[in-house]
Amino acid sequence: LDQRSKWDPQVALVDEIFPIYDVDAANIAMDFQYGDCIRLGIGYCQTKSNPLVDAREQLILCGIQELPGNGCVIWGTEMEEWHNNLMPGEKRMTRSKSHLFSIALVPRDDNSFDVEYILQLEVGGVIPNFLTTPVLVETIKSMLRYAKTQFSDDDVLAPYLKTQAEKEDFMINQRQSLLIPF
């Protein structure tokens, strides 16, 4: 929430409510076709109300896939209405639905990378798109401006930039449970 609130003034709550710790099972289920799943879980998000839109909530299955060549994809898709029992609290708000969001980060060279951001969003409610689209566009622009400041700060990036050998050592240590007979 602290990081997202720096670029999204509408956010009220962001929480990973059901982390999935067995990412090895996820990789096996995906037949290792989509990179190495390093994080997976169900997240909950609330936005604040404003003069145009009442508060919204979302329930999203999210993951991070590491790709060959040090790239990664951060993705999410909205859970269905019949998953509402997973949401915290009793009172339901209007559902805003991110049918799909994806951020792909692919290194271009040692000092730069390409970013692709995809968002398919249904705001929900009865407000016409011509009123909500400018707000969404400005929020995304704000996110990209904030990301630019973070990516240009070596102290912020240092913990995330690891050599391939460090990543492989980490993966071997994390995967050791697959090698233990039951």
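Which residue in β7 is the bridge partner of valine 106? In this predicted model, local features need pLDDT of at least 70 and side-chain atom pairs count only at pLDDT 80 or more, while totals for chains, interfaces and linings use all residues. Residues are numbered from 1 along each chain as its sequence is written, and side-chain values use heavy atoms, with hydrogens and water left out.

The partner of valine 106 is aspartate 114, in β7. Helices (H or I, at least four residues) and strands (E, at least two) are DSSP runs, numbered from the N terminus; two strands pair if DSSP finds at least two bridges between them. Strands β6 (residues 97-109) and β7 (residues 112-122) run antiparallel and are joined by 11 bridges. Two residues lie between β6 and β7 in the hairpin that they form.

Strand β2 spans residues 36-47 and includes aspartate 36. Aspartate 36 is buried, at a relative accessible area of 12% (buried is under 20%, exposed over 50%, partly exposed in between, with a 1.4 Å probe and protein chains only). Its side chain makes a polar contact with the side chain of asparagine 27 at 2.9 Å. Such a contact is a pair of N or O atoms within 3.5 Å; within protein, one must be able to donate a hydrogen and the other to accept it, and residues adjacent in sequence count only if both atoms are side-chain atoms.

For disulfides (cysteine sulfur pairs within 2.5 Å), the count is zero. The cysteine sulfur closest to that of cysteine 45 belongs to cysteine 62 and lies 9.6 Å away, too far for a bond. Cysteine 45 is buried, with a relative accessible area of 6%, whereas cysteine 62 is partly exposed at 26%.
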